Amino acid sequence: MARLRWATGYARRVITRVGVTAPPIDVKDIAKTYGVEVREESFPDDISGALHRGREHAVIAVNKGHGENRQRFTIAHELGHYLLHADSPAYYDQEHQVGVHFRASPAAGKWDVKEVEANRFAAELLMPRRMIIDAILRSGAAEASELARQFKVSEEAMTYRLADIRLG
């Protein structure tokens with residue numbers, strides 16, 4: 001649980017660092033701020049994206065066949081791996097100074113803790129708790145579809161987020 005709070009706190013620090021004050025969050029601009037290039041690539045439908053770390057360059061590739069909201073979450077998720085798991089041998093080969101991590105569906109319902117951390121980071125980055133509360137206070141309602149539109153995320157992602165922060 002502490003590592004999930006760490007991932008959430010890290011996303012909050014990123015938002016503060018880049019000076020974002022209102023949705024929607026420009027996740028491509030944030031990636032660029034951290035020196036990460038974002039590219040659209042052709043992947044099978046079950047692969048949402050990948051993070052490639054090179055010696056002097058990092059790239060997040062997203063599935064160009066997926067919709068904008070899906071791509072935004074994938075970029076935020078992979079940026080989470082980039083920032084949270086830079087020293088993890090499972091995601092980065094120190095000897096060759098390269099690492100690749102693919103964002104795909106979990107196999108047999110099993111989630112790696114790093115996947116959960118990257119998802120938590122992405123959720124806080126794209127749907128910051130404080131901004132959601134502010135939007136609800138302005139509108140007087142916690143309508144998932146309207147909030148999803150404002151934050152440029154799927155209604156499903158917003159519904160999960162509202163439940164996660166106990167507003168659903």
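Which residues do ring pairs link into a cluster? In this predicted model, the cluster consists of W6, Y10 and F121.

## Aromatic pairs

Two aromatic pairs are found in a search of the whole structure. W6 and Y10 form an edge-to-face pair, with 6.3 Å from centre to centre and 90° between the planes. These two residues are four apart in helix α1, and are therefore separated by about one helical turn. W6 is partly exposed, because its relative accessibility is 32%; Y10 is likewise classed as partly exposed, at a relative accessible area of 23%.

Y10 also pairs edge-to-face with F121, at 6.3 Å centre to centre and with 65° between the planes. Since Y10 belongs to helix α1 and F121 to helix α4, this pair ties together parts that are 111 residues apart in sequence. F121 has a relative accessibility of 0% and so counts as buried.

## Nonpolar core

F121 is also among the residues with the most contacts inside the largest nonpolar core, which has 39 residues. Two or more core residues come from each of α1 (2–18), α2 (27–33), β3 (58–63), α3 (68–84), α4 (113–126), α5 (129–139), α6 (144–151) and α7 (155–164). The most is given by α3, with six residues.

Setting aside neighbours within four places in sequence, L125 is in contact with A11, V14, I15, I25, V27, I30, A76 and L79. In soluble globular proteins, nonpolar side chains tend to be buried together.

## Charge over a ring

R17 lies over the face of Y34, at 4.5 Å from the ring centre.

Key. Residues are numbered from 1 along each chain as its sequence is written. This is a predicted model: local features need pLDDT of at least 70, side-chain atom pairs count only at pLDDT 80 or more; totals for chains, interfaces and linings use all residues. Side-chain values use heavy atoms; hydrogens and water are left out. A nonpolar core is a set of buried Ala, Val, Leu, Ile, Met, Phe, Trp, Tyr and Cys residues joined through side-chain atoms within 4.5 Å. Buried means under 20% relative accessible area, exposed over 50%, partly exposed in between (1.4 Å probe, protein chains only). Contact means heavy atoms within 4.5 Å. Rings of Phe, Tyr and Trp (its six-membered ring) pair if their centres lie within 6.5 Å; planes under 30 degrees apart count as stacked, over 60 as edge-to-face and the rest as tilted. A charge sits over a ring if NZ of Lys or CZ of Arg is within 6 Å of the ring centre and within 35 degrees of the ring normal.
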